[in-house]
Amino acid sequence: MDSRILCNFYRCTIESILTGCITAWYGSCTVLNRKALQRVVKTAQNITRTELPSMEDLYSQRLRKKALRIIKDPHHPSHKLFCLLPSGKRYRSMRTKTTRLRDSFIPQAIRLKHLNC
């Protein structure tokens, strides 16, 4: 089969299944789980004979996109959690006592935003 068709099939089906609600669960995945997910992507690369984005890249893309939508929508319930520091350049980090909260969506998105500023 043509590699374009295989790549399109991967993007439309397998990638959409793997990344469904990725912003909710990927941050708290263990290293073992992340390696298993990346093996699926590597297998798909071998089958399609094309370069595919890693799960980490997909996660950061989706995280950034979702965070920007929340920041732009003042009526979103989580909008108030993205508050700018007085400099206006960076967002205020949340203090967390547990790794479960630290690895959840909002703190991860704020850290990702800090890397891009």
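Let me start with a term: buried means under 20% relative accessible area, exposed means over 50%, and partly exposed is in between, using a 1.4 Å probe and protein chains only. With that, hello everyone, and on to our protein, where 33% of the 117 residues are buried.

A word on where this comes from: the model is predicted, so local features need pLDDT of at least 70 and side-chain atom pairs pLDDT 80 or more, while totals for chains, interfaces and linings use all residues. Residues are numbered from 1 along each chain as its sequence is written, and side-chain values use heavy atoms, leaving out hydrogens and water.

The C-alpha trace spans about 55 × 30 × 25 Å along its principal axes.

Aromatic pairs here are Phe, Tyr and Trp rings (six-membered ring for Trp) with centres within 6.5 Å; planes under 30 degrees apart are stacked, over 60 edge-to-face, the rest tilted. The structure has 3 such pairs. Tryptophan 25 and tyrosine 26 have ring centres 6.0 Å apart and planes at 65 degrees, so they are edge-to-face. Tryptophan 25 is partly exposed at 27% relative accessibility, whereas tyrosine 26 is buried at 3%. Phenylalanine 82 and tyrosine 91 are edge-to-face too, with centres 6.1 Å apart and planes at 90 degrees, and both of these residues are buried.

What do Trp25, Tyr26 and Tyr59 form? One aromatic cluster.

Finally, charges over rings (NZ of Lys or CZ of Arg within 6 Å of the ring centre and within 35 degrees of the ring normal). Arginine 34 has its charged end over the tyrosine 26 ring, 4.4 Å from the centre. Lysine 66 lies over the face of phenylalanine 105, 5.2 Å from that ring centre.
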